[in-house]
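Student: Hi! I'd like to go through this protein with you. Could we start with how you decide what counts as an ionic pair?
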Amino acid sequence: MSGVGPVEPGEGTHVQQPSPAPRFTPQRGRPAPLGRLLGRHRRAAVAAGAAAALLAGGGYLYATRPQPPPAAAPPYPSQVVDIRYLSETVSRDSAGAAAFRFDITLSVLSGPPVTVTAITQPYAGLFVTASPAPPFRTEAGSSRKVTITLRATDCGKIPGNAGLPFLDVTLRNTRAIQTHSFILGSRYALDLSHALRAACGTI
């Protein structure tokens, strides 16, 4: 055979084709590419930053919210208690001693309940009891009738002229404990003077 040209394969032979390049198939368990990891970290960082900003903004709004004004302190008990003289009766107790009994009304105008813990009077020669006996409690907006009994125990210590007699009443509420002197008026002073004269003669 002569001539120039490609060499023909001989009889019974064939041309061997090059095998294709192996195709890359990612396997399970291998780490993700760097770009994907960076993207995930970036999204997580953005979400965390947004959450922190929301928390900071919420905390600022809570700290700077308008505060309600503080509740007003309850009144002193003597400011809301009113005592009025009603009537009197002169009688004798079981021992025969003269007793001056009179009724008052005790009213609590407002505020928390008021408890009466003691009722006294300024004259050393008089013994005082009350019914109901202290301590007793009265709610705001209500009144209570109280009967006071005065007994002469030492006429030498009782003045002839009662003048402007008063009752010392110890009051308690959630604000304070106070002893307040209540002047019951001229009618009470006149009735008390008559009762003391009847009890002690011509004092």
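Tutor: Happy to. A salt bridge here is a side-chain nitrogen of Lys or Arg within 4 Å of a carboxyl oxygen of Asp or Glu. Keep in mind that this is a predicted model.

Student: Okay, and how many salt bridges does that rule give?
Tutor: The count comes to three salt bridges. Let's take Lys145 and Asp103, which form a salt bridge with their closest N and O atoms 3.6 Å apart. This pair links distant parts of the chain, with Lys145 in strand S6 (residues 142–152) and Asp103 in strand S2 (residues 98–108), 42 residues apart.

Student: Is Lys145 buried or exposed? And what about Asp103, buried or exposed?
Tutor: Lys145 is exposed, with a relative accessible area of 52%. Asp103 is buried, at 15%.

Student: What does Arg84 form a salt bridge with?
Tutor: Its partner is Asp82, and the closest N and O atoms of Arg84 and Asp82 are 2.9 Å apart. Arg84 counts as exposed at 53% relative accessibility, while Asp82 is partly exposed at 24%.

Student: And which residue pairs with Glu139?
Tutor: Glu139 forms a salt bridge with Arg137, where the closest N and O atoms lie 3.4 Å apart. Glu139 counts as partly exposed, with 42% relative accessibility, and Arg137 is also partly exposed, at 48%.

Student: Let's zoom out. What's the secondary structure of the protein?
Tutor: It comes to three helices and eight strands. Starting at the N terminus, the elements run α-α-β-β-β-β-β-β-β-β-α.

Student: What share of the residues is buried?
Tutor: Buried residues make up 27% of the 203 residues in the protein. As for contacts, take those between residues at least 6 apart in sequence: 63% of them join residues at least 24 apart.

Student: On to the sheet, then. In what order do the four strands of the open sheet come?
Tutor: The order is S5-S3-S7-S8, and the pairing is antiparallel. Strand S5 (136–138) and strand S8 (177–183) stand at the edges with a single partner strand each, so one side of each has no neighbour in the sheet. From one strand to the next, the twist averages 35°.

Student: How many bridges join S7 and S8?
Tutor: Strand S7 (residues 166–172) pairs with S8 in the antiparallel sense over seven bridges. Together S7 and S8 form a hairpin, with four residues between them.

Student: What's in the loop between S7 and S8?
Tutor: Thr174 has its place there. Thr174 is exposed, with a relative accessible area of 65%. Leaving aside neighbours within four places in sequence, Thr174 is in contact with Pro74 and Pro112. The C-alpha atoms of Thr174 and Tyr76 are separated by 8.6 Å, although these residues are 98 apart along the chain.

Student: Back into the strands. Where is Asp168 found?
Tutor: Asp168 is found in strand S7. Asp168 is buried yet has no salt bridge. The nearest side chain of opposite charge belongs to Lys157, and that is 16 Å away.

Student: Why doesn't a pair with Lys157 count as a salt bridge?
Tutor: Because the rule asks for a side-chain nitrogen of Lys or Arg within 4 Å of a carboxyl oxygen of Asp or Glu, whereas Lys157 is 16 Å from Asp168.

Student: Then what polar contact does the Asp168 side chain have?
Tutor: There's a polar contact of 2.5 Å that joins the side chains of Asp168 and Ser181. Beyond residues within four places in sequence, Asp168 is in contact with Ala118, Ile119, Thr120, Thr179, His180 and Ser181.

Note on methods. Residues are numbered from 1 along each chain as its sequence is written. This is a predicted model: local features need pLDDT of at least 70, side-chain atom pairs count only at pLDDT 80 or more; totals for chains, interfaces and linings use all residues. Side-chain values use heavy atoms; hydrogens and water are left out. Two strands pair if DSSP finds at least two bridges between them. Helices (H or I, at least four residues) and strands (E, at least two) are DSSP runs, numbered from the N terminus. Axes are lines fitted to C-alpha atoms, for helices over the stretch in contact, and angles run from 0 to 180 degrees between N-to-C directions. Buried means under 20% relative accessible area, exposed over 50%, partly exposed in between (1.4 Å probe, protein chains only). Lys and Arg count as positive and Asp and Glu as negative; His and the chain ends are not counted. A polar contact is a pair of N or O atoms within 3.5 Å; within protein, one must be able to donate a hydrogen and the other to accept it, and residues adjacent in sequence count only if both atoms are side-chain atoms. Contact means heavy atoms within 4.5 Å.
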